[in-house]
Amino acid sequence: MEIFKADVVIVGGGGAGLRAAIAVAESDPLLKIALVSKVYPMRSHTVAAEGGAAGVKKSTDSYDYHFHDTVGGGDWLCEQDVVEYFVKQAPIELTQLEHWGCPWSRTEDGHVNVRAFGGMKIERTWFAADKSGFHILHTLFQTSIKYPSIKRFDEHFCVDLIEEDGRVQGVVTIEMSTGEFHLIEGKSVIIATGGAGRVFRENTNGGIVTGDGMALAYRHGVALRDMEFMQYHPTCMPVTGLLFTEACRGEGGFLVNKDGYRYLQDYGLGPLQDKPKNKYMELGPRDRLSQAFWYEKQKGRTFEHPTLGSVVFLDMRHLGEAHLRERLPLIYEMAETFMGLDPAKELIPVRAGIHYTMGGIKVDAKCAASLPGLYAIGECASVGLHGANRLGSNSLTELVVFGKLAGDEAAKYAKAVSPGNSSSLLKQAQAIEQRILALKTKTGGTESIAVIRKEMAQSMEDGCGIYRTEDTMQATCDKLAELRARFKNISIDDKSSVWNTDWLTAVELDYQLDVAQTMAHSAINRKESRGAHQRLDGPDGAYTKRDDVNFLKHSEAYYVADGAPRIALGDVKITKSQPETRAYGAAGEKADQERKASHV
Amino acid sequence: MSKRKPYVRSMDGWWKKNPYFVEYMIHESTALFVAAYCLVLLVGVIRLGQGEAAWNGWLAAMQSPLSVLCHLVLLAGAVYHTYSWFKILPITMPPVIVGGKKMAPEALTGTALAVAAAAGLALLALVWRIAL
Amino acid sequence: MSENHKIIEIEVLRYNPESDEEPHLEVYKVPFTDDMSVLQGAQYIKDNFDGSLTFRWSCRMAICGSCGMMINGIPKLSCETFLRDYYPNRIRIEALAHFPIEKDLVVDLSGFIEKLEAIQPYIIPKEPKTLAEGEYLQTPKEFNAYIQFTSCINCTLCYAACPQFGLNPDFIGPAAMALLHRYNMDSRDGASASRMELVASEEGVYNCSAVGYCSEVCPKHVDPASAVNINKANAAKDYFLRFLSPKGGSK
């Protein structure tokens, strides 16, 4: 087995992993960094983020506003000390990206421009047309090339962490082009593997978004926190789930039902606005908008498209072709290529689809997990920024703010500890190799990977969708247990070594089943409605409301070998914002004024 | 021991594999037509230097039916070369900014072709007048 | 959706390095709907007929750059190419031309990645600035000078379209040159002189014979041919400037 001795190992080469790698390299050029990614870094799913990255920019804005938008948007399940740190670091890190060459869109006088985004009180979303994630990712990847201490392991698939003496000491990977195993030793390990949206059926996520890092940490006893909170994005392309960025609405697009009626005014987001107004109508938060879609469907006011199913419409016709081409070029092309329609002339059929995993590997405010030496950042982590619902454009900023922090922390840790015992690490790695190889070499299996994956995704959509009940969630929990059992009997067609994606897909599915179980069990355990977790049941509908007495708590899912996860509840850090009614539109503005008055 | 065995495909006959490449090869080969006519003119200059008899002989040869046919073929080749050369002009020269906007490739090609045609006609008119 | 299932024949160039001496074609009959991309066709084959079929893919929305293939001989992103546009004819998919085939539709991209790394694809500031001093200003004119060349998704379709790269794999090639040009044209950068050596080198722009097909197939309208050709002029200028002035030109 090939062995590489690094100081810091980073698993995941998306925005967070790259930012962390640069942070380690800048903090001490003598530290050896191994950056492991199952795809070339610029393929990572950061690439698909469209709208932008939030950070205070305008003189009329303040850290406090950004803090309150985020905490309120998260339905008070955010770690407030984390949010305070985040809002202050955000503009610094976004400026850093500018210095590294990120082509942020500009105002006429040459400054970085900001746009409106859902749930944000003031325009503070830095954007690079509608390819913000693409530009951030490529900027970070290209900048990372400057640092010789970053050794990339591109197209290496991580199969396990190595733990010894009570701390993490490395990872084992499969080099995809050969099928050979590598032991990458490290004094600290940062997981930055992204979300897990592919456990659901209709989603905006790339095929690689399979929750790998979450499952890796989870199997080593680290809790997955707040996994029941899955964000539905209200404007996705039906069937494929491809994303029409929130910036479509930030730029002034409307959402209308089959009667051409801007239905959001019926769901506490009104009154009607002609121009985009922050926190009103189409610029409400994603959970509220997705829920409104669900209600419209119940009321029979969605359009029943013969092939696409139930849809509402995104109307951008009044914005004109020139403006759309400048601000939303990717969206324009996607509508043309994938749907064969012209957004300057026609309505775009859309519906809510799975978009973002709010929960993840439980880490503290310094990105450290409970297993010493292990850090997690980005969508795979739960640092406590998003609470029960993420505000659009906070997550791209999260990548760089916490990528930097985790890089600094992991570097410090790596310098403080001594190297491990290489021969016993190798022994562990060899045992892992045998376990993973067995998955491929075993014969006589009858279950198809694709079938199990599809049943899982359908079951998650049925049981853990926008609205949930005990029965549907229980059915999903049962189904997942069944699939877990059936997984043991899978058959893998491809027995080869070079580029065996059949085998790797099976390993991914194994990860996905773990992650799906934490979501379903965390969900059924939360007997209230908060943010993206909405229930329709309970005695006298008790679970349809937020319950701060019992559930102003994080859910924490712990791994139980061969069984359902154990769910515990953890405290929420509250510093300066006590839970209030979460209001948007005119009601939200009134609540804001009352709060201001009471503070004076 | 790695089981990798990357397979490298042959480039033989690459230019036949795509209509775009065929067109490219025609474009490139018509450059030979232009070169051929340069040779013809060069021979003319040499003949001129060799005295009146040589020069008249050359002129007579130029007027033979075979030579006229040859001229037509070379002219067709040269015209095609000019056309296809200007077709790729937009990618071979720096962007032309007009009124703050990048000039469209079609406009660039069109302008270049128009200029070439005008220059050709002007030359023809000039030679015509001298000949008369 | 199920009522109008049509069947299309997809012919795939298969190659397994562990059992094959050379690639061969296999045909699959794939039921499809009008919204299905060629990528989804390949996924259907993998999920239902042969799990060993190997290809790269991820985002499905033409931005990650993973899923390029030769589709009926033309380099395209398979996620944004639709089966309906080929039906009822047979469609042939092959690994991207001019790259070594690792397995089936997966090619060896390591050479391309090395080229990206070689061009210093990062800002080397003209005037260093601290974060506290805020962002660099860029006028619309300065911004427009480079923005087009930032759009490259590294899908390498342009390399599959470049016969000169096929004939000389060392040629730095369209995408890497476009990225080099992107940094040279950025008003924040001051290192174009140090990138010039590579531009004019043996592997540099003079390998290009202006076929122009790279720009034709680029799914993001980066126009790499333009970047390459502008740099031919730049390299020539740089060469002559070296004779004229001790300060002019690089080195």
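Me: Which residue in β10(A) does V172(A) stand opposite?

Reply: V172(A) stands opposite L183(A) in β10(A). Keep in mind that this is a predicted model.

Me: In what sense do strands β9 and β10 of chain A pair, and over how many bridges?

Reply: Strands count as paired if at least two bridges are found between them. Here β9 (residues 167-175) and β10 (residues 180-185) of chain A pair over six bridges, in the antiparallel sense.

Me: In what order do the four strands of this sheet in chain A stand?

Reply: The order is β1-β10-β9-β8 (chain A), and the sheet is open. The pairing in this sheet is mixed. From one strand to the next, the twist averages 25 degrees.

Me: Why is one side of β1(A) and of β8(A) left without a neighbour in the sheet?

Reply: β1 (2-5) and β8 (156-164) of chain A are at the edges and have a single partner strand each, so each has one side with no neighbour in the sheet.

Me: Which helix lies across these strands, and at what angle to β8(A) does it run?

Reply: Angles are read between N-to-C directions, from 0 to 180 degrees. Helix α11 (residues 422-441) of chain A lies across β1, β8, β9 and β10 of chain A, and its angle to β8(A) is about 135 degrees.

Me: Now a helix on its own. What span should α1 of chain A have, and what does the model give?

Reply: The expected span is 1.5 Å times one less than the number of residues. Helix α1 (residues 15-27) of chain A has 13 residues and should therefore span 18 Å; the C-alpha atoms at its ends are 18 Å apart, which agrees.

Me: Is α1(A) mostly covered or mostly uncovered?

Reply: A residue counts as buried if 20 or more other C-beta atoms lie within 10 Å of its own. In α1(A), eleven of the 13 residues are buried, and the helix is mostly covered. Among the buried ones are G15(A), L18(A), R19(A), I22(A) and V24(A).

Me: What do the buried residues of α1(A) pack against?

Reply: Their partners are in chain A: the strands β2 (8-11), β3 (33-37), β7 (150-154) and β11 (188-191), and the helices α4 (132-144) and α10 (394-416).

Me: How many helices and strands does chain C have, and what percentage of its residues count as buried?

Reply: Chain C has nine helices and seven strands. It has 251 residues, 55% of which count as buried. Along its principal axes, the C-alpha trace of chain C spans about 70 × 40 × 30 Å.

Me: Which elements of domain 1 of chain C give two or more residues to the side that touches domain 2?

Reply: First, the bounds: domain 1 of chain C is 2-107 and domain 2 is 110-244. The contact takes 13 residues from domain 1 of chain C and 13 residues from domain 2 of chain C. On the domain 1 side, the elements are β3 (68-71) and β4 (74-77) of chain C. The largest share, four residues, is from β4(C). By class, that side has nine nonpolar, three polar and one charged residues.

Me: How many residues of chain C are in contact with chain A?

Reply: To read an interface, count the residues on each side, then look at where they come from. 43 residues of chain C are in contact with 46 residues of chain A. On the chain C side, β6 (101-103), α2 (110-118) and α3 (140-146) each supply at least two residues. That side has 18 nonpolar, twelve polar and 13 charged residues.

Me: Which element of chain C gives the largest share of the side that touches chain B?

Reply: The contact takes 24 residues from chain C and 17 residues from chain B. β6, α5 (163-167), α8 (213-217) and α9 (224-244) of chain C each give at least two residues to the chain C side. The largest share, four residues, comes from α9(C). By class, the chain C side has twelve nonpolar, six polar and six charged residues.

How values were computed
Residues are numbered from 1 along each chain as its sequence is written. Chains are lettered from A and ligands numbered from 1 in the order in which they are written. This is a predicted model: local features need pLDDT of at least 70, side-chain atom pairs count only at pLDDT 80 or more; totals for chains, interfaces and linings use all residues. Two residues are in contact if their C-beta atoms, placed from the backbone, lie within 7 Å. Ala, Val, Leu, Ile, Met, Phe, Trp, Tyr, Cys and Pro count as nonpolar, Asp, Glu, Lys and Arg as charged, and the others, Gly among them, as polar. A residue is buried if 20 or more other C-beta atoms lie within 10 Å of its own, exposed if 12 or fewer, and partly exposed in between; C-beta atoms are placed from the backbone. Domain bounds come from an automatic or database domain assignment.
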